[in-house]
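Colleague: I should like to understand how the terms used for a structure follow from its values. May I put some questions to you?

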Amino acid sequence: MSGLYIHIPFCERKCSYCAFYSFPRPWKNEDGFFQALEKELQTLPADFLPETVFIGGGTPTALDIQTLAKLFSLLRKFSPAEFSCEANPGTVDRQKLDLLRKSGVNRLSIGVQSFDSRCLETLGRIHSAEEAEAAFRLARAAGFENTGLDLMFGIPGQTVPKLEADLDRALALNPQHISIYNLMYEEGTLLTNLKPQKLDESLERDMYDLIRRRLTVAGFVHYEISNFARPGFECRHNLLYWSGGEYIGVGPAAHSHWKGMRWANTADLDGYCANGPRRAFDEKLDPEAKERETLVMGLRRLAGVDVSAGLWKTLGGNFRTLEKEGLLVIEGNRVRLSEEALFVSDAVFAELV
Ligand code: SF4
């Protein structure tokens with residue numbers, strides 16, 4: 001199984017916390033971007049038949065309806081089983097949603113982040129909580145049965161009751177999928193530069209525990225550190241990333257892993273528009289490095305990973321130590337993070353790379 005990722009590097013406005021490779025619209029050379037994207041799509045290997053397509057960014061739905069139609073005309077040759085698109089509530093209307101449905105998109109991921117107006121303001125989001133709810137209902141009305149919400153916790157000023165209220169409002173919409181990430185203070189972002197009062201780590205851990213409890217009681221499967229789904233609605237595209245699967249990313253800054261090679265396009269929108277994609281790196285994966293990488297990515301899944309005999313030889317000691325510390329669970333050849341380790345997974349991964 002393989003997947004195609006399309007990076008649309010445009011947004012309505014930059015959110016305060018965002019370190020993704022994206023620029024506010026209008027962009028001086030959007031036509032140049034789509035011409036370069038078309039050319040890059042034409043260079044995909046003939047035997048690349050993705051079963052999942054994911055349009056992310058950036059904000060694909062920030063494009064106007066004509067540009068969106070152009071984007072989908074470039075993707076007509078694909079017929080994936082899962083076709084996802086990210087959407088920002090401040091940028092969707094019925095016309096765009098109808099176009100997405102008509103173009104084959106069958107999974108919508110709506111970036112809400114919070115339903116609390118102060119938190120939305122801190123994050124620099126372009127929409128209100130009510131607009132986010134309206135966008136979700138509009139997506140349902142347009143026929144999106146598989147619709148998810150992206151939320152955040154650990155936002156400056158957020159409290160446990162505020163988070164509970166966010167979860168209540170999210171659950172009231174009855175989404176199929178919820179991603180909920182701990183806010184990261186990425187270098188160079190407006191939020192980081194403003195040096196806000198960060199939440200205590202112990203409070204963030206309480207929040208994470210609350211999220212896990214509430215969403216599992218509500219019938220969601222906690223299948224990846226930050227991802228919850230109704231049974232059968234796990235994101236197949238992201239599961240590819242977490243299981244060492246093959247994918248090709250197009251657009252500036254997109255990453256790929258295909259036939260033992262890994263590469264990334266340079267994060268250079270001007271260069272992409274002018275000359276097409278250039279590679280920031282291009283490497284053949286050393287089998288052991290690849291196995292370790294697959295292990296660490298796989299451990300993000302709560303189901304864990306089957307470890308090969310070779311890797312047991314190199315990492316068996318580390319596994320046993322982490323097990324003694326209560327951070328890893330070993331069942332035969334399979335290892336998985338303990339419940340205790342889910343919130344501190346990066347520290348566990350650092351012991352295994
Ligand atoms: S909408 Fe998403 S990609 Fe765009 S600036 Fe905000 S967080 Fe970043």
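Colleague: Which residues point one way from β6, and which the other way?

Modeller: In this predicted model, Arg107, Ser109, Gly111 and Gln113 point one way from β6. Leu108, Ile110 and Val112 point the other way, and all of these residues are buried. In a regular strand the side chains alternate between the two faces of the sheet.

Colleague: Why is β6 called largely enclosed?

Modeller: A residue is buried if its relative accessible area is under 20%. Seven of the seven residues of β6 are buried, so β6 is largely enclosed by the rest of the structure. Strand β5 (residues 82-87) runs parallel to β6 and is joined to it by four bridges; Ala87, for instance, has Ile110 as its bridge partner.

Colleague: How do you know that the length of helix α6 agrees with its number of residues?

Modeller: The expected span is 1.5 Å times one less than the number of residues. For the 13 residues of α6 (residues 160-172) this gives 18 Å, and the end C-alpha atoms are 18 Å apart, so the two values agree.

Colleague: Which residues of α6 are buried, and what puts them on the same side?

Modeller: The buried residues are Leu163, Asp166, Leu167, Ala170 and Leu171. They cover an arc of only 125 degrees around the axis, and therefore lie on the same side of α6. Pro161 and Ala172, on the other side, are exposed. Among the elements that cover the buried residues are β6, β7 (147-153), β8 (177-182) and α8 (201-217).

Colleague: Why is Lys259 called partly exposed?

Modeller: Partly exposed lies between the limits of under 20% for buried and over 50% for exposed. Lys259 has 47% relative accessibility, so it counts as partly exposed. Ala253 has a relative accessible area of 24% and is therefore partly exposed as well.

Colleague: What is phi in Lys259 and in Ala253?

Modeller: Lys259, in the loop between β12 and β13 (261-265), has a positive phi of about 50 degrees although it is not a glycine. Ala253, in the loop between β11 (246-250) and β12 (255-258), has a positive phi near 75 degrees. Most residues other than glycine have a negative phi, and most peptide bonds are trans.

Colleague: Where are cis peptide bonds found?

Modeller: One joins Arg25 and Pro26, with omega about -5 degrees. Another joins Gly57 and Gly58, with omega about 20 degrees. Gly58 is also one of the residues around the ligand.

Methods
Residues are numbered from 1 along each chain as its sequence is written. This is a predicted model: local features need pLDDT of at least 70, side-chain atom pairs count only at pLDDT 80 or more; totals for chains, interfaces and linings use all residues. Side-chain values use heavy atoms; hydrogens and water are left out. A residue is near a molecule or strand if one of its heavy atoms lies within 4 Å of it. Helices (H or I, at least four residues) and strands (E, at least two) are DSSP runs, numbered from the N terminus. Buried means under 20% relative accessible area, exposed over 50%, partly exposed in between (1.4 Å probe, protein chains only). The arc is that of the directions from the helix axis to the C-beta atoms. Contact means heavy atoms within 4.5 Å. Two strands pair if DSSP finds at least two bridges between them.
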